Every structure is written in structure tokens, then in C-alpha cells.
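Have the viewer open while you read.

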Amino acid sequence: MKTINPMLLIDFYKAVHSDMLPKKIEKSVSYFTPRMSRVKMWDTVVMFGLQAFIKQYLIEYFNEAFFARACSEVVGEYDRILYAALGKKAYSTDKIEKLHQLGYLPIEIKALPEGTKVPMHVPMFEISNTHVEFAWLPQALESLISAELWHPMISATVGESYRKIVDRYYERSVDDEISRARALGDFSFRGQECLQSAVKSSAGWCLSFLNTATVPVIPFLEQMYGCDCTKEPVAFGSVSTEHSVMCSNYAVDGDERTLLCKLLTEIYPDTSFSAVLDSYDYWNVIDNILPQLKKEILEHHGCMLMRGDSGDCVEVVTKTVFRLWDIFGGTINSKGYKVLDPHVKAIYGDSITLQRCEQIYQILIENGFACSNVALGVGSFSMQCIEEEGTLKPFTRDTFSSCIKATYCEVDGRPIPIFKDPKEGGFKKSQKGLCRVFRNIEGELTYQDGYTHTTLAGEDNLLEVVFRDGKLVKEQTLAEIRNRLHNGHFGA
């Protein structure tokens, strides 16, 4: 599809607000804020995705699809769409022409560092205009910003929630040198809303884990967050069969043993791989075929991961560990827990909710096994929904009621705090005036509003300029964000 004029990436009513604002308005300031959590276990949300949005839209997209095109072309396109949809007298095109003539996006964004866990009600970033003629612009960008940012932030929060479970159970049962960052993987690509959604969701996941099935997340992170997969751990995939492989070979060979033997000795003699084993009878493969291949497995220069893909995942993956121990044995680690022979492991590719992840780890520990004996996958269900108190809660923008609200303006040089405070609105009450974000004496992130530009000057403020007038001012790397989120203990 042809690239759409970025000034059309709006809700229709955004096109007319410039004519409704106070006369002589010179400055408009808005804040992006998570106003409430609809998930009881989450009282913070991970700040993530702003830098990617700035690079992708505020710089690259605006430069190529707006400023680099002829003014008559972009204004004409804008006029054609709005004339057909709203009628000629409902809007004006002067502002679009003036913006194009200016030649850059007169916007400043001040933000918390990405990877920060932000409590409800605390502003994540501030957006304002830097040119007096474009006070309409910050709120005109609201729809695009909201649409692009809520999802990667939720996926980053999902990943951080799984990582807390891993850290807790690995601390108890797994040798310290074993990577926590490779305990779980993102299997959600095919179940996401679209390609871009899948990539940005996996990017959020990769703040806490290295394993993912989503290949394009690597070039995305390299382009947006200053990393290089050839020089540092960005993300890792895995070699794995699928049912089409298992079933087509069964149709030719008449058994499952032949392919498994070929994988071990001919195709991947020096490479770890997982094999989905439930195309027909999972437990027959585990109990009868694997013992026949014991010699080939133990001589294999890698690890074979046994993958179930149906039934009760908690039961399947834990019982697989127990039976692999009976067949192949293993060792006892420094914390007193059983570790399977390094040639074998159990894996389950999706269906692993937060609750099931914890159940699997708890069962393993209760039976004397280290939690590193399993690799777990998180599918699109858990990336887009959570079960809490018996209720399924889908993830949307309203999960954290993330919004951008104007709180301050300047009219003819006069500072004016603005706010909303619905009588029955509850959480919809906004900040008032300019805000500073800081850590209180307990080290908790909080904020104070009511400032003007004059009174805010000189105050400590964790909101730092990251974008101004079409340019990225402060760039953050993936490694920095990971270590910030995990207090320097992301690991590899």
C-alpha cells in the first residue's frame, strides 16, 4: 500500500482542533500517563518503545512521506481526504502548508529512560511544541503515539513478569552460571494482530529474555536500539521440527524412529534441536522410541529437546523430565537438585501462562529437579491476555488506561495550567500544569504537578529531552535498557 501522508494518521476530529484552540496560543504541553491498572498483579508498566517510535515515525516517516514530498502534493492529498470525509468548511489546510514550509517537526519530547518500571499516574513522557505557530501539533500526534506504544509496553511488562518467576525459582534450584535469560521464549508471532505488532511485541519480550521465534525482531532492535547480533546477544532462535516434518516423514518411513535417528546422526550431529513428538502418540515416543535411540542421543554433540504440543502442558512437561531422568540419568547440581544429562531436555512451545510456568517450576522443585531442565514457550494467548481470579482479561490500551492529555498551555505569553477532572471520572482526572518526575525518600518513582516553565526551572526532573525539532537527542541501547530493567542482572 502506498505510504500514507503522516498528517492523515489521526482520528478525524484531530483535523479540526487547531481551529478550536484559544487565539494566540503559543505553547501546548501534554503527558503520556498510565492512569490505572486493570490487572491486579501489575502496579507498574515497563516504559518501552518510544525511541523506536521516534526513529520510525517522527524522523524517518515524516521526513520521507511529508517533508521530502512536494508541498502541493501533501497538502492536496490532505485536502482531498478531508473534503470527502468532513466537508470543505469543517477544516483548514493552512497549518499543513506552514508545517511543510517549516521543514522539520517542531516537537520536543522529554521522557523517562526506557526500561523504567513506571507506577500508575506517573507521567512517562512529555510532548510539547517548540514553535509558537504549532501548539496544535502535540495533541494531533496523540492517536498515532497511543496506537504505537501501548502494545510494546504491555509485552515488555509481560516479559518482566515471567522473568521475575524465573529469577525466583532459578535462584533456588539452578546453578548461578546458567542463563536466566534463556529460560523462556516468545512463540507468539503467528498469533499477533499483524507483522508490526508481532515484531514490536517480541522486542518488548526481549528486554527480559533472549529466546524468540520472531526472526524480524533482530533487525528491528538493531535499527532502533543500537545493538548488533554479531557482536552481542540480541536474540536467539532454535532449530526445531514441526508437525509437517514429522508427519511427512512418517508417511514415507512408516515410523517415527527413522527420522529421529537421522536428525541425531546425519542432519544435526553437532547441533541442538527440538522435536515435536505428539503427532501421534507422545508417550510412546518417550517410553519406547527414545530408549531405542539412547546410544545415538548420548553420542550426539548437542541437546535433543522433547516437545509436547497437546494435552495438559504442566503434566506433559514435568512427567517428561521425570521419564528422561529414568532413561538417561543426570547429575546433582551445587544447590542439591537433579539436572538431566546434557543431551536431553523437555520443552513446551506455547500455552505457558504465568500460572502454568510457576506450577511447572514448583512441581519440578518438589520432586528434586532443577527448573533449568525445561524450556518453556509463551504464545500469543499470554502475550495478549491474562487469567486472573478465574477471569480472562485481554490486553488493550485500556489495560493501563494509557493516554496523552494536555495539562499546560501558554497564551500570548501567559502560562495557563489546564486539566480535566470529571465529577464521576475517578482515574480519568488528569495532571494540572507542568510535571516533574522524581524518586521520593523511599526511592519510589512519583511526580508533582502544578508547575509553570518558570517554577519548574532548576527542579530535579527525571524527564529528559530525547527528541527535539526532528532529531533524536538522546539514544539508548538495548543493553542499557535491559540492565536498567533488571538492575544490572539481565545476563546472557
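1. Quick reminder before the details: this is a predicted model, and everything below is computed from it.

2. Let's start with the sheet. Seven strands make up an open sheet, and going across it you meet S17, S16, S1, S5, S3, S20 and S21 in that order. The pairing is antiparallel. At the edges sit S17 (414-417) and S21 (471-472), each of which pairs on one side only.

3. S16 covers residues 402-411 and is joined to S17 by four bridges, with the two strands running antiparallel. If you want a residue pair to click on, Glu410 has Pro415 in S17 as its bridge partner.

4. Ile386 stands opposite Lys393 in S15. Two residues lie between the strands, and Glu389 in that turn has a positive phi of about 55°.

5. On to the helices. H5 (residues 142-173) packs against H13 (residues 354-366) at an angle of about 5°, and their axes are 10 Å apart. Anything under 35 degrees counts as roughly parallel, so H5 and H13 get that label.

6. What makes up the contact between H5 and H13? From H5 come Ser161, Tyr162, Ile165, Val166, Arg168, Tyr169, Tyr170, Arg172 and Ser173. H13 puts in Leu354, Cys357, Glu358, Tyr361, Gln362 and Ile365. Sorted by class, the contact has nine nonpolar, three polar and three charged residues.

Definitions and conventions
Residues numbered from 1 in each chain as written. Predicted model: local features only at pLDDT ≥ 70, side-chain atom pairs only at ≥ 80, totals over all residues. Heavy atoms only, no water. Pairing = 2+ DSSP bridges. Axes fitted to C-alpha atoms, helices over the stretch in contact; angles between N-to-C directions. Parallel < 35°, antiparallel > 145°, perpendicular 65-115°, else oblique. Contact = heavy atoms within 4.5 Å. Nonpolar A, V, L, I, M, F, W, Y, C, P; charged D, E, K, R; others polar.
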